[in-house]
Amino acid sequence: MSDSIDHTLRGSWAPSGAGAAPLSAHAMRWLRQRIGLSEAPTPAVPPSLIDVSETALPQVVSSELVALLGENHVLTETGQRLGRAGGLSYGDLMRRRGGNGVAVPDAVVLPADPEQVQRVLELCARHDIAVVPFGGGTSVVGGVSSLRGGKVAVIVLDLARLNRLVSVDPVSHVAVLQGGMRAPDAEALLAAHGFTLGHFPQSFERATIGGFAATRSAGQASAGHGRFEGMVEGVRAATPVGEWRLGTAPASAAGPDLRQLAVGGEGALGVITEVALRVRPAPVHSRYEAVVLDGWQVGAEAVRTLAQSRTLADVTRLSDADETEVGFEFSGGMKARALRTLLRGRRMHEPCMLVLGWEAASRRELDERRDATLRALRRFRPVRLGGKVGESWRANRFSGPRQRDTLLDHGVCVETLETATHWAGLSELRSAVRAALLRTLEVDGRTPIVMCHVSHAYETGASLYFTVLAGRDQQDPLGQWQRAKQAATDAIVERTPGRAMGRGTLTHQHAVGTDHQPWLADEIGSVGVQVLTAAKKAVDPTGILNPGKLVDRWQEE
Ligand SMILES: Cc1cc2nc3c(=O)[nH]c(=O)nc-3n(C[C@H](O)[C@H](O)[C@H](O)COP(=O)(O)OP(=O)(O)OC[C@H]3O[C@@H](n4cnc5c(N)ncnc54)[C@H](O)[C@@H]3O)c2cc1C
């Protein structure tokens, strides 16, 4: 398998800056008109200008780590430490691009197997060193920030060498994968056995199996394959108090499902070294297409109908009118004009694109499922755009992060946030978050673009994923987004006299990290925080694991 990703440049998505997706001249003109773009490019400062302090790792710890892992697997050079400093949120990228305020680990260690991971944790517990488990480093909530949490030093535990397919059980359809394996490698190895995991988040190219499990990730084909935690059959985790193995059967009534403490533990409740996963036979046939519906309400009602009649396509993604417009404009001037003319002719006032993708073992199964979906949609009067638009969405489905690099270079504030709720409150939640983002992101009288889509639908509700494009507040770029995030999250968790819970969840798929922690008690209650704190104390009594993430026991004392 491919060896560890080049993490030396964390100011962008593409590992060495290559592969950024330039936007067309038309898209740039359109954006300039809508939100304003800085005239001069706003590139990242070179790594040499980033402020990095000397490693604080005591020599004795460094020597013991070298004795355990070998010299090549204990990295203390500035570039290597910078390479694993933080994740990929707008805040992370802006700090990195500006060269200020980057929390840099004192060392990076690369254990080879679960036994070495266990011994690293025991060693760090003995010396009171904080440990940040690190998969692909794609966290967008501060999950891999190198916080010391009052410890002597902080190391990043990079799982890149735990990249083996341990076993495949073709009878039970269960595969055991090591935690550091990246998603493309997992799919390639499983394909050789005729299986797929079917987990395709937008961060697919970089994220890892352990990271997916630790954050309860959801992929683009969640309607067909389910969320990541639903695929987990068993977990092997290292903790400072010893190894923990869970999951011997597909279902169990032996008390609460403790696998779900490791899954969603965000590196604060253990390091996931192996995951047993439900896999499925790889599909042979697939078809992607797009339809347009008139207005958000009609679109949401259509997706609810599909979910509740069990006719969802494996990929079901509804964009609101703003996201649809941006999609058209980014695909080029001619295309945008042609699509607009077509949709006006069909009396579409507020075009909302719905991408549908089906995958199946046989042509017949595919046709039957597709027919069922399209039949259920008929009463919503969709305009069919056909396979070309759907296939083009599929071909470009991982290019968003590359375009983000280009937008960052042009002074755009570009970030996402997500939530979920029940169908009955979905539109109210969308309106509340939208209003908060529009209100807080305006710069120099220019209205930001706030886009929203549903890409994960359930019988009882759906997720909402917001993407913003706003002119950057050059004086205070971090503060600009922090104010927007605060207002949007307050709107999500707000309780009103008639409602005992917030409007929606803090996070449907990105996890808690540092960024959502201030609101965690709003969602799980103070009893929930106490339960999580007790679990943390049990597996990590001195608090070395990922300080400041998920639940920080010192906050409670
Ligand atoms: C451009 C972009 C698009 C994204 N799209 C999606 C999406 O479509 N769906 C989605 O769900 N998420 C998405 N994300 C968020 C992110 O990719 C996911 O949270 C992913 O699961 C993180 O995996 P990772 O391997 O990169 O984990 P990391 O970022 O390395 O770590 C994430 C958290 O998990 C912990 N962790 C990592 N590995 C382990 C381990 N082996 N054991 C214990 N803890 C561990 C870390 O300490 C941290 O708290 C996106 C992120 C970006 C930047």
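A: Let us begin with G461, which lies in strand β18 (residues 461-471). Helices (H or I, at least four residues) and strands (E, at least two) are DSSP runs, numbered from the N terminus. Please note that this is a predicted model, in which local features need pLDDT of at least 70 and side-chain atom pairs count only at pLDDT 80 or more, while totals for chains, interfaces and linings use all residues. Residues are numbered from 1 along each chain as its sequence is written.

Q: Is G461 buried or exposed?

A: A residue is buried if 20 or more other C-beta atoms lie within 10 Å of its own, exposed if 12 or fewer, and partly exposed in between, with C-beta atoms placed from the backbone. G461 has 22 other C-beta atoms within 10 Å, so G461 is buried.

Q: Which residues is G461 in contact with, leaving aside its neighbours within four places in sequence?

A: Two residues are in contact if their C-beta atoms, placed from the backbone, lie within 7 Å. With those sequence neighbours left aside, G461 is in contact with A420, T421, H422, W423 and L426. G461 and L426 are 35 residues apart along the chain, and their C-alpha atoms are separated by 7.5 Å.

Q: What is to be noted about the phi of H173?

A: Most residues other than glycine have a negative phi. The phi of H173, however, is near 65°, a positive value in a residue other than glycine. H173 lies in the loop between β5 (165-169) and β6 (174-178), and H173 counts as partly exposed because there are 14 C-beta neighbours inside 10 Å.

Q: Where does D444 lie, and what is its phi?

A: D444 lies in the loop between α16 (423-441) and β17 (449-454). The phi of D444 is near 50°, again a positive value in a residue other than glycine. D444 has 8 other C-beta atoms within 10 Å and is therefore exposed.

Q: Which residues of the largest nonpolar core touch the most other members?

A: In soluble globular proteins, nonpolar side chains tend to be buried together. A nonpolar core is a set of buried Ala, Val, Leu, Ile, Met, Phe, Trp, Tyr and Cys residues joined through C-beta atoms within 7 Å. The largest one here has 145 residues, of which V131, I155, L157, A213, L354, F466 and V468 touch the most other members. Residues up to four places away in sequence not being counted, V468 touches C413, V414, E415, L437, L441, P448, I449 and V450.

Q: How many residues surround the ligand?

A: A residue is near a molecule if its C-beta atom, placed from the backbone, lies within 6 Å of it. The ligand is surrounded by 37 residues, the closest being G135, G136, G210, G211 and G267. Two or more residues of this shell come from each of β3 (130-134), α7 (209-215) and β10 (271-278), and α7 gives the most, with five residues.

Q: How do the residues of that shell divide by class?

A: Ala, Val, Leu, Ile, Met, Phe, Trp, Tyr, Cys and Pro count as nonpolar, Asp, Glu, Lys and Arg as charged, and the others, Gly among them, as polar. The shell around the ligand has 16 nonpolar, 19 polar and two charged residues.
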